[in-house]
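Please keep the sequence and the model in view while reading.

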Amino acid sequence: MTEQNEHFVRVIRTRLARPESAPTVARRHAGWQQSLARGMPGIALLHIELAATGRAPWQPAHDWLTAAAAAPLTVGADSHPFHGGPALAHALACAAAHQPGAYRRALQALDEQIITDTERRLDAAHHRITQSQLPEIAEYDVIRGLTGYGAYLLRRHPGSHTLRSVLRYLVRLTRPITHNGKKLPGWWTLSGPSGRLDQRFPGGHANAGVAHGIAGPLSLLALATLRGIEVHEQHTAIGVISRWLDHWATPQGNGPGWPYWITRDELRARQPAGPSRPSWCYGAAGQARAQQLAALARNDDIGRYRAETGLLTALTDSARLAATTDISLCHGYAGLAHLTARTAADALPETRDQLKALIPRLLDAVAPPDAKAQEHVADTLLQSADGNGAGLLDGAAGVALAVLAAESGHTVSRWDTCLLSA
């Protein structure tokens, strides 16, 4: 890693050295203690990765994990992969992989609860499908739903019956569903992308993103396949999703541009709005990685090339790149650098070097060359008025983690399994 990027990571690490040193605006956030996206578990991931790579001692990671577990955790129906017990479990699992025997009892208890919660959610989801009702996004997505639970189980319990049950559910989710006489994709929801009813989305939509859409299940199904874990019709489901995403893609230079979602009007007109900002949550970075993983799972070099050129096109399109206005992991330049490195690590020879060549420029948009400027960027981020500036998805911890991973193309603690990028 360049000294410029190492220094930027050190600045953030110093600002977040201890739970009590975090900005007051962040500590006052409602999700501070239990949120993987915004709070302590996500910040712990930074210190875990620093320790696992030999850049820092383990004590800060332990301090953050201890603080996150200090008050009663939310479990059961009010928890989800990025909040409560499952959020802490992910951070503990990342640390435990490098600290043999550490956190064993806590992880065992959390894993039992997570399996119970996953089975309960699966029962509800199958009942909903049997009743020919449309899903809510939170049923299946990465952040709140069964795909997020599946990501955790793929890491912690890859041979479990529960993981296979999640995969079977996702296979079923890809089958069309008839609603009011109209055949729709099985993941069609009556809400807007927020998960709430939205007048801008009359009749609902089919979400295409990774965070809240069908590209998340595609990633999980593909990653499971690559690890030798398969259920009946898993390959068929991967093909259904990949073809659906490509069907709605629009030509963009030398590659496809995938939409954020398909609305009812777009479905009727058979004309998508077209791609916009590339990012992990929505857009070319996350979708290209999902499509690349799907192609790897299917031994499809044509699909692999198409996915990789889709990312290349998005990152060399000045208009689309200009729509990226922050440096976050979720939807900013840090996320682009991280996913470009991940995609390059598995890319075909024809595209690998082109993708790698883009990473320094993306990192330059994250970490300025001047030390004082880096401190200003970090402090501005940490003092974000919305209270999200210290965390994983929108804050400094996620930015630092992405910078650490971008040049190597991998993560030592595997913190990014919660994003389904690996």
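The accessible surface of the chain comes to about 16,300 Å², and 50% of it belongs to carbon and sulfur atoms. Such areas come from the Shrake-Rupley method with a 1.4 Å probe, and for residues only the protein chains shown count as cover. The model is a predicted one, in which local features need pLDDT of at least 70 and side-chain atom pairs count only at pLDDT 80 or more, while totals for chains, interfaces and linings use all residues. Residues are numbered from 1 along each chain as its sequence is written, and side-chain values use heavy atoms, with hydrogens and water left out.

Consider next the chain as a whole. Its C-alpha atoms fill a box of roughly 60 × 45 × 40 Å, taken along the principal axes. For 422 residues, a compact globule would have a radius of gyration near 22 Å, and the 20 Å of this chain agrees with that. The radius is taken over C-alpha atoms, and the globule rule is 2.2 Å times the number of residues to the power 0.38. Of the 422 residues, 60% count as buried; buried means under 20% relative accessible area, exposed means over 50%, and partly exposed lies in between (1.4 Å probe, protein chains only).

The secondary structure comprises 19 helices and six strands. Both are DSSP runs numbered from the N terminus, helices being H or I with at least four residues and strands being E with at least two. Among contacts between residues at least 6 apart in sequence, 69% join residues at least 24 apart, where contact means heavy atoms within 4.5 Å. As for charge, the chain has 41 positive and 36 negative side chains, and the centres of the two sets lie 4 Å apart. Lys and Arg count as positive and Asp and Glu as negative, whereas His and the chain ends are not counted; the place of a charge is NZ of Lys, CZ of Arg, CG of Asp or CD of Glu.

Helix α17 may now be examined. This helix spans residues 349-364, and its buried residues are Thr351, Leu355, Leu358, Ile359, Leu362 and Leu363. Seen down the axis of α17, these residues fall within an arc of 135 degrees, so they line one face of the helix. The arc is that of the directions from the helix axis to the C-beta atoms. The buried residues of α17 pack against α1 (3-15), α14 (301-315), α16 (333-345) and α19 (396-406). On the face turned away from the buried side are the exposed residues Pro349, Asp353 and Ala357.

Several buried residues show which parts of the chain meet. Threonine 324 is in the loop between α15 (318-322) and α16, and its relative accessible area of 5% makes it buried. Leaving aside residues up to four places away in sequence, threonine 324 touches Arg277, Pro278, His331, Gly332, Tyr333 and Leu336. Alanine 285 lies in helix α13 and is buried at 0% relative accessibility. With residues up to four places away again not counted, alanine 285 touches residues including Pro278 and Leu336.

Alanine 215 belongs to helix α10 (residues 215-226) and is likewise buried, at 0% relative accessibility. Among the residues that alanine 215 touches, not counting those up to four places away in sequence, are Gln287 and Ala290. Alanine 215 and alanine 294 are 79 residues apart in sequence and 9.9 Å apart in space, C-alpha to C-alpha.

Which residues have a positive phi although they are not glycines? One of them is arginine 270, with a phi of about 55 degrees, and another is leucine 420, with about 60 degrees. Arginine 270 is found in the loop between α12 (264-269) and α13 (284-297) and counts as exposed at 69% relative accessibility. Leucine 420 lies in the segment after α19 and counts as buried at 2% relative accessibility.

Two loop residues complete the tour. Glutamine 131 lies between α6 (104-130) and α7 (137-140), and at 44% relative accessibility glutamine 131 counts as partly exposed. Its C-alpha atom and that of glycine 387, 256 residues apart along the chain, are separated by 41 Å. Proline 158 lies in the loop between α8 (146-156) and α9 (161-173) and counts as partly exposed at 34% relative accessibility.
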